[in-house]
Amino acid sequence: MLRGGITTIVDDIHFGNILDQELVEAALHAYQDLGIRAEVSAAWSDKPFYECVPHLKDCLPEELKQSPNEPQITVKAVEAFWRSLATAWDGRVRFIFSPSAPHRCTPQLLEMTWTLAESFQRPVLVHVLETRIQALTAHRLYQMPMAKFMHQRGYMTNNTIIAHGVWLSDEELELVAESGASVIHNPACNLKQGSGVAPITTMIRKGVNVGLGTDNNNGNDTNSMFDAMRLATFTGAAGLSDASYPVDSECALHMATRAGARALGRETEIGSIEIGKQADFSLLDLSTSAFFPMNDVTNQFVFCEQGQSVKDVFVAGRHLIQDGHLTHLDEADLMEELAQRMPAMIRKIEGGRPFAERLHPFLVEAYERCVDDPWMKPWVHAHNSLGLPPGSASDGIRKV
Ligand SMILES: [Zn+2]
């Protein structure tokens, strides 16, 4: 990410349902050593997984409900854990809060999170309506749209960062805009996983602060902000039924910089190069094919550049990348250590496979039931059914 010119990242890490401060701090220390500005959360959810997808509980045999990952930890213990991390990490590397998604958490966990965020004045990162099935989930759990539920309970504040928001309705976007919450648009991940195209043009027209994200490696792969900017303009244009086009290169650049800073509540410190702000910036070589010959620097930055022109990166005034190389860490050493650790990682992934394979047919069954659910109607029609024969829109829905 640093080599791609990124100076601040938000990493919503899922460490599993274990409270291990040393484990979380290993990640925080890694970002500290790297020199990048990082906002790190340890995502938590405390409801059994089969209660988070409609119909799954009814399909799943009892023995598969006993997942080894079932949470057995009290909200009080999570609060103490988060409080301790938030107290210890409040600088260039900062701990923030993440109740994975509203429908995956008990009311007690959600209540605790926003109270804690208020007292620390830190963001809450929460996944909201990444998939259409999650829109159905909200209606089944709360008998109302997800954002309306959050708004009613006081979980939609200017500290709230909504990851994805692909299926937010117009009515919900009004609430997001009014509350000052931000949405982080992850176009590459949304497209790769078939989640849908987020209505960012409508969000921007309604005054929602929309930042840009890449999502994690298994949701996107490249962690490239250049990919994210370009795809933001493409997805902003998709489905527009009028001639105006608000998500242009200027807008994408704004989303990648100032809007991201605003989402973190750090717009007075980062997001632009100004006197009094942190010296976080990258230098690009303008003699590369992306910029030469020069015509329009913003258009070329967003549409032509893929990261190859980034030469130097500074964070908090510290020269971290010089002429394409890390200045303060031995990259070859790091790569070698990673390669050595990889077999253990692969064993771990393979170890989870038998349980996943047993679960798979029941997830598919629950999914089919969701698609046939009468409450699903609004989202079945919202799906882009181009290329499908009339009347078979639901055939195109395949991702949960
Ligand atoms: Zn995500």
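Colleague: Why is Arg3 called partly exposed?

Modeller: Keep in mind that this is a predicted model. Arg3 has a relative accessibility of 39%, and partly exposed covers what lies between the under-20% buried class and the over-50% exposed class, so Arg3 counts as partly exposed.

Colleague: How do you know that Arg3 and Glu331 meet in a salt bridge?

Modeller: The N to O distance is 2.3 Å, and the cut-off is within 4 Å between a Lys or Arg side-chain nitrogen and an Asp or Glu carboxyl oxygen, so the pair qualifies. Arg3 sits in the segment before strand S1 (8-13), while Glu331 belongs to helix H14 (residues 331-372), so parts 328 residues apart in sequence get tied together.

Colleague: What makes Glu39 and Arg94 a salt bridge?

Modeller: Their closest N and O atoms are 2.8 Å apart, and the limit is within 4 Å, so that one passes too. Glu39 lies in strand S2 (residues 37-42) and Arg94 in strand S3 (residues 93-95), so the link joins parts 55 residues apart in sequence.

Colleague: Are those two buried or exposed, Glu39 and Arg94?

Modeller: Buried means under 20%. Glu39 comes out at 0% and Arg94 at 7%, so both get the buried label.

Colleague: And what about Arg258 and Glu274, how far apart are they, N to O?

Modeller: That salt bridge is at 3.7 Å, and since the rule says within 4 Å, the pair still counts. It links Arg258 in helix H12 (residues 258-263) to Glu274 in the loop between H12 and strand S8 (281-284), 16 residues apart. Arg258 has 43% relative accessible area and Glu274 has 39%, so each falls in the partly exposed band. Elsewhere, shared partners join Glu39, Arg94, Arg266 and Glu269 into one salt-bridge network.

Colleague: How many salt bridges does the structure hold?

Modeller: There are 19 salt bridges.

Colleague: Now the metal. What makes His127, His164 and Asp215 the ones that coordinate the zinc ion?

Modeller: NE2 of His127, NE2 of His164 and OD of Asp215 sit at 2.3 to 2.5 Å, and a donor has to be within 2.8 Å, so these atoms qualify. Along the sequence, the donor residues follow H-x36-H-x50-D. His164 is in strand S5 (residues 160-164) and Asp215 in the loop between strand S7 (209-212) and helix H10 (225-237), 51 residues apart.

Colleague: Why is His164 called buried but Asp215 partly exposed?

Modeller: His164 has 0% relative accessible area, and under 20% is buried. Asp215 is at 22%, so with the exposed class starting over 50%, Asp215 goes down as partly exposed.

Terms used. Residues numbered from 1 in each chain as written. Predicted model: local features only at pLDDT ≥ 70, side-chain atom pairs only at ≥ 80, totals over all residues. Heavy atoms only, no water. Donors = N, O, S within 2.8 Å, 3.2 Å for Na, K, Ca; no water. Helix = DSSP H or I, 4+ residues; strand = E, 2+ residues; numbered from the N terminus. Buried < 20%, exposed > 50% of the residue type's maximum accessible area, 1.4 Å probe, protein only.
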